[in-house]
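Hello,

Here is the structure I promised to pass on. Please open it alongside this email, and my notes on it follow below.

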Amino acid sequence: MEETIPGTHAAQIAGQIPKQRGDSLLETAVRYAEERHWDVFPGTWLEAVDGVQRCSCGGPACAAPGAHPAREDWATQATGSATVARRMWQKRPTASILLPTGRTFEAICVPETAGFLALARMERMELTLGPVTLTPERRMQFFVLPGACAKLPDLLRKLGWTPGSLDLLALGEGAYVAAPPTRYGSRGAVQWACRPTLANRWLPDAEELISALAYACGRDR
């Protein structure tokens, strides 16, 4: 069930490790906690209402149907225990898989077009990438070491950019990302542009990727 975007060198490398397309949301959430040591928590889920997939939150205009926290105290619910994760998804097998940022990783979020341009540039630079997701909202999220939020403004200034002038932001403490194979209603599922593998267990620092990401976002304006 872990989708990978084809066509990039990163995706080809990821293909060396068998894909887990048959795994349930439960088994995938457990694997994230057990193998990657990521905190996980169950979010909302999709329900069929008159033949249409609706978010369990009941909001008719939900911005992220089936892919956002179901509780206000979600931060306290998140766990790095595979046993606890299994128990939570056994209670709600169709719940989305959400990962809090600012703990074991943060994420740098950019538009999809800029993200693919940056991936190609990073491959030419032979940079070591961490996992990268592609969301149905056409955003890409590059997983990096914690601390990216604090560093980002100064890193951008050093590159000649004013913070806020680029469509580039870091997700840290208090935020979260939806993990594959979480679905956003009828828009599709979150996919891996660069899958988690043994080769990228150690995440890059934001400073290693920011030049390529800022360049790509500048081109994409």
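**What I found**

Leaving aside neighbours within four places in sequence, Q77 is in contact with V40, F41, P42, R71 and M88, where contact means heavy atoms within 4.5 Å. Q77 sits in helix α3 (residues 74–77); helices (H or I, at least four residues) and strands (E, at least two) are DSSP runs, numbered from the N terminus. With a relative accessible area of 16%, Q77 is buried. The scale used here is under 20% relative accessible area for buried, over 50% for exposed and partly exposed in between, with a 1.4 Å probe and protein chains only.

Before the rest, some notes on the source: this is a predicted model, in which local features need pLDDT of at least 70 and side-chain atom pairs count only at pLDDT 80 or more, while totals for chains, interfaces and linings use all residues. Residues are numbered from 1 along each chain as its sequence is written, and side-chain values use heavy atoms, with hydrogens and water left out.

Now to the cores. A nonpolar core is a set of buried Ala, Val, Leu, Ile, Met, Phe, Trp, Tyr and Cys residues joined through side-chain atoms within 4.5 Å. The largest one has 29 residues, and V110, M122, M140, F142, L168 and L213 have the most contacts inside it. Two or more residues each come from β5 (106–111), α5 (112–124), β6 (132–134), β7 (139–144), α6 (148–158), β10 (191–194) and α7 (206–219). Helix α7 gives the most to this core, with eight residues. Another core, of 23 residues, lies apart from it and includes A82, A95, L171 and A175.

What does L213 touch, not counting residues up to four places away in sequence? Its partners are I108, V110, A118, M122, F142 and L168.

V110 also turns up in the surroundings of D167. The C-alpha atoms of D167 and V110 are separated by 6.2 Å, although the two are 57 residues apart along the chain. D167 lies in the loop between α6 and β8 (169–171) and is partly exposed, at 40% relative accessible area. Beyond residues up to four places away in sequence, D167 touches C109, V110, P111, R139 and C217.

Next, a helix pair. Helix α2 (residues 25–35) and helix α4 (residues 82–91) pack at an angle of about 160 degrees, with their axes 8 Å apart. The axes are lines fitted to C-alpha atoms, for helices over the stretch in contact, and angles run from 0 to 180 degrees between N-to-C directions. The two helices are therefore roughly antiparallel to each other, a label for angles over 145 degrees. On the α2 side the contact is made by L25, L26, E27, A29, V30, A33 and E34, and on the α4 side by A82, A85, R86, W89 and Q90.

Finally, some backbone details to look at:

- A cis peptide bond joins P180 and P181, with omega about 5 degrees; P181 is in the loop between β9 (176–178) and β10.
- H37 is a residue other than glycine with a positive phi, near 60 degrees. H37 is in the loop between α2 and β1 (41–42) and counts as exposed at 52% relative accessibility.
- E126, also not a glycine, has a positive phi near 55 degrees. E126 is in the loop between α5 and β6 and is exposed, with a relative accessible area of 71%.

Best wishes

Note on methods: Parallel < 35°, antiparallel > 145°, perpendicular 65-115°, else oblique.
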